[in-house]
Amino acid sequence: MGGWSVFVSCCVWAILLLALFGDSLASAPEFDPYNVLGVTRHASQAEIKKVYKSLAREWHPDKNKSPGAEDMFIKITKSYEILSNEERRANYDQFGQMDENQNFAQAQQGFRHYHDSFYFDESFFHFPRTSRDFTDSKHLFHYSQYISEVLPDSFKRPYLIKITSEWCFTCIHIEPVWKDTVQELEPLGVGIGVVDIGYERQLANHLGAHRTPSILGLINGKVTFFHYAVVREHLRQFVESLLPQKLVEKVTDNSYLEFLNSWHEENKPRVLMFDVASNIPLLYKLTAFAYKDYVRFGYVDMGLTETSKVVQRFNINTYAPTMLLFKENTDKPADVIQARGMKKQIIDEFVSNNRFLLVPRLVNQKLFDELCPVKQIHRRRKFCVLLVTGEGEQFVSVNEAFFDFASSNTKEVLRFAYVYQRQQQPLCDTLLKKEDTTPPQVRDIHVILLERRNATGRVFYRTVTGGWNGSDDDKHRLLEQLELLQRDSSYLTHDAMLPELNNEFASMFLIQWINTAYDYLAQFYFDLLYSNWREMMPVLSLIFSALFILDVCVSLVSCFSRPPKKSFVEVTELTDITYMSNLVRLKPGHINVVLILTDASKQVLLRKFAKEVFSFSGSQTLHYSFLNVDKHSQWMDSLMESAPDARPSDCLDKEEEEEDSTSNKSDYTGHVLALNGHKKYFCLFRPVFTGEEAECSRWSDEDASKASRSRSSSRQKATTLEIHHKLDRLGLWMERLMEGTLPRHYVPAWPGLDTITPQK
């Protein structure tokens with residue numbers, strides 16, 4: 001009976017298990033990669049790749065929102081992984097095996113129900129990492145390590161980072177591709193990282209990764225997400241797309257001379273890489289990115305007919321990749337390597353040992369720190385031989401003589417460099433100020449021996465006596481003093497605190513910023529199609545910050561580009577010489593404000609005139625002049641006759657009554673005219689009444705119609721008012737002139753100013 005009860009219990013448990021999992025087991029079809037991709041067993045690799053790309057675009061979960069899209073996309077990816085690898089395809093065709101993932105379909109179907117129904121917080125369980133792959137374990141990132149090491153290193157090489165967790169079942173299916181990619185890219189110099197979102201939630205949030213699995217790239221401190229199917233070729237292309245454009249210049253027979261001769265402008269050695277690949281190998285691009293601050297790289301495709309001359313010119317062996325490094329001498333390479341299998345370690349050592357010119361120009365503080373390092377205990381001294389010279393053809397011969405001297409003295413203890421005095425004036429002034437000779441002129445050339453003592457800028461130095469003109473005597477004298485220096489460092493008798501060097505390439509920052517902005521905009525467009533808004537927030541924040549900074553810069557430039565306001569008013573005399581330029585040929589929209597005066601009132605009225613119009617002197621369309629009626633008495637009469645509406649009606653009546661009197665002549669002293677030479681009109685200011693002229697002369701145009709005083713008062717004398725009070729209301733009149741509300745008096749033509757009234 002005991003055996004029978006055990007048998008019955010087993011049957012009951014079997015029935016329950018079939019009831020629970022029968023649907024899943026029955027619904028799990030046999031996984032056939034050929035059926036998934038819809039190709040025959042005799043399909044070529046090109047056909048399989050073409051079908052895969054089409055299906056991947058159709059079933060990508062970010063584009064296809066149907067419930068089964070994610071499962072179908074995983075099947076498509078796994079099918080391509082099997083059929084694109086000849087070994088795996090052969091195993092499947094013969095045994096129906098898929099390596100360690102042959103139960104992929106069943107496992108995926110079995111776990112899908114529970115994965116969709118529950119949410120697991122990985123950080124809650126903290127299971128031991130006994131099952132983690134060794135490849136992932138050695139690449140694990142921590143937040144502090146990422147901030148202190150990985151982020152700065154991303155300016156020298158790109159990083160490929162995988163976001164995963166121990167409860168991510170989908171992550172299991174990309175592991176084979178990830179392993180193959182790591183094995184391919186890591187030896188080339190690509191940084192590899194793995195972030196476990198369950199244990200490094202802070203780092204995952206910092207990267208903007210909120211789901212697993214995710215793959216992202218890091219370069220120059222910028223994070224970019226990978227959105228394509230997880231295939232090794234796609235990951236390789238993704239890493240290559242992270243690198244800046246035009247990192248390596250393609251060189252042909254027509255451009256190699258220009259490429260080599262441009263070392264002087266960029267102050268960098270040149271590397272020519274020869275290979276038969278039509279596309280620049282990724283290893284070369286990664287090397288160029290790592291040394292972009294030191295060396296300029298060019299690539300020659302030896303398979304092209306357009307490169308036959310340069311290959312023949314340098315006698316290149318076409319059966320093996322070759323690298324030539326050029327410095328100041330562009331006819332002969334300074335160093336050469338050639339190997340059938342170029343390794344990263346060999347290339348790094350080759351470029352690192354030749355990253356400086358023989359005599360580089362000091363263009364920034366970073367270069368100075370590397371060329372002339374600070375003296376350290378228990379290390380051999382480093383002395384810097386510095387040529388203070390200038391730009392231009394007159395300095396070419398003496399500079400070349402210094403280069404020849406430096407190339408023949410290759411001692412490790414000596415570092416040769418030169419500096420343009422005009423570009424690094426603070427440095428040169430500090431080094432040359434303690435000499436007993438006369439202060440150096442711009443064309444004076446000096447050689448300075450120096451040793452840096454600390455990082456704050458303190459140096460011990462000495463200027464080579466006799467200057468430098470490149471003669472044999474100068475070379476012999478410099479050689480003797482260098483030998484004395486190497487025997488006794490106390491030969492350096494002066495000390496100084498050097499200022500920080502100017503960055504001569506700072507003007508190139510705008511171009512670099514524009515290129516960087518273009519890369520960010522391209523990435524923003526891509527993220528707009530594929531990413532969620534949480535991932536796009538860093539990009540949006542950067543774009544709006546850049547636009548704000550650009551707007552502030554434009555505002556500052558526009559403010560500083562305005563000419564400074566003068567502390568005085570420039571008033572010119574209107575004569576027969578300046579008449580044409582200051583009135584007749586005045587630019588459209590420009591107005592000449594003319595003060596009418598006499599010899600007796602000139603000094604007083606000019607001071608008052610300048611004071612009244614000073615607040616308007618910042619306008620670029622106003623010009624100021626004065627007309628002496630003692631010299632040109634007929635001009636004002638002719639102008640007023642041409643514009644009868646410029647006189648008040650009561651003055652016209654008075655002139656009709658006294659037209660026979662020749663003794664009563666108009667006094668225009670203190671009048672101000674605003675002359676528009678282009679449109680041929682003027683506005684008139686009549687001075688304040690001082691008791692010295694008729695009533696018709698005391699009002700401005702705008703007040704003439706309001707005059708109602710009796711004519712008898714015009715003959716009264718006022719001795720309490722001085723002549724400079726004539727212009728008391730000029731400031732208000734100028735405000736109305738700027739507003740454009742003054743009456744305008746048009747003339748058919750401007751009166752001539754050809755003769756000078758003879759003095760009585």
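Why are Glu-612 and Lys-608 separated by about one helical turn? Glu-612 and Lys-608 are four residues apart in helix 25 (residues 602-613), so about one helical turn lies between them. This is a predicted model, in which local features need pLDDT of at least 70 and side-chain atom pairs count only at pLDDT 80 or more, while totals for chains, interfaces and linings use all residues. Residues are numbered from 1 along each chain as its sequence is written, and side-chain values use heavy atoms, with hydrogens and water left out.

**Salt bridges**

- A salt bridge is a side-chain nitrogen of Lys or Arg within 4 Å of a carboxyl oxygen of Asp or Glu, and by this rule the count comes to 20.
- Glu-612 and Lys-608 form one of them, at 3.2 Å from N to O.
- Glu-612 has 16% relative accessibility and counts as buried, and Lys-608, at 13%, also counts as buried (buried means under 20% relative accessible area, exposed over 50%, partly exposed in between, with a 1.4 Å probe and protein chains only).
- Glu-391 and Arg-422 meet in a salt bridge of 2.6 Å, N to O; Glu-391 is partly exposed at 34%, whereas Arg-422 is exposed at 60%.
- Another salt bridge joins Lys-366 and Asp-293, with the closest N and O atoms 3.5 Å apart.
- That pair links distant parts of the chain, 73 residues apart, with Lys-366 in helix 18 (residues 365-371) and Asp-293 in the loop between helix 15 and strand 7 (296-301).

**Sheet**

- Four strands form an open sheet in the order 2-1-3-4, with mixed pairing (two strands pair if DSSP finds at least two bridges between them; helices, H or I with at least four residues, and strands, E with at least two, are DSSP runs numbered from the N terminus).
- Strand 2 (191-196) and strand 4 (222-225) stand at the edges with a single partner strand each, so one side of each has no neighbour in the sheet.
- Strand 1 (residues 159-164) pairs with strand 3 (residues 214-219) in the antiparallel sense over five bridges.
- Leu-160 has Gly-217 in strand 3 as its bridge partner.

**Helix 4**

- Twelve of the 16 residues of helix 4 are buried, so the helix is largely enclosed by the rest of the structure.
- Phe-73, Lys-78 and Glu-81 are among the buried residues of helix 4.
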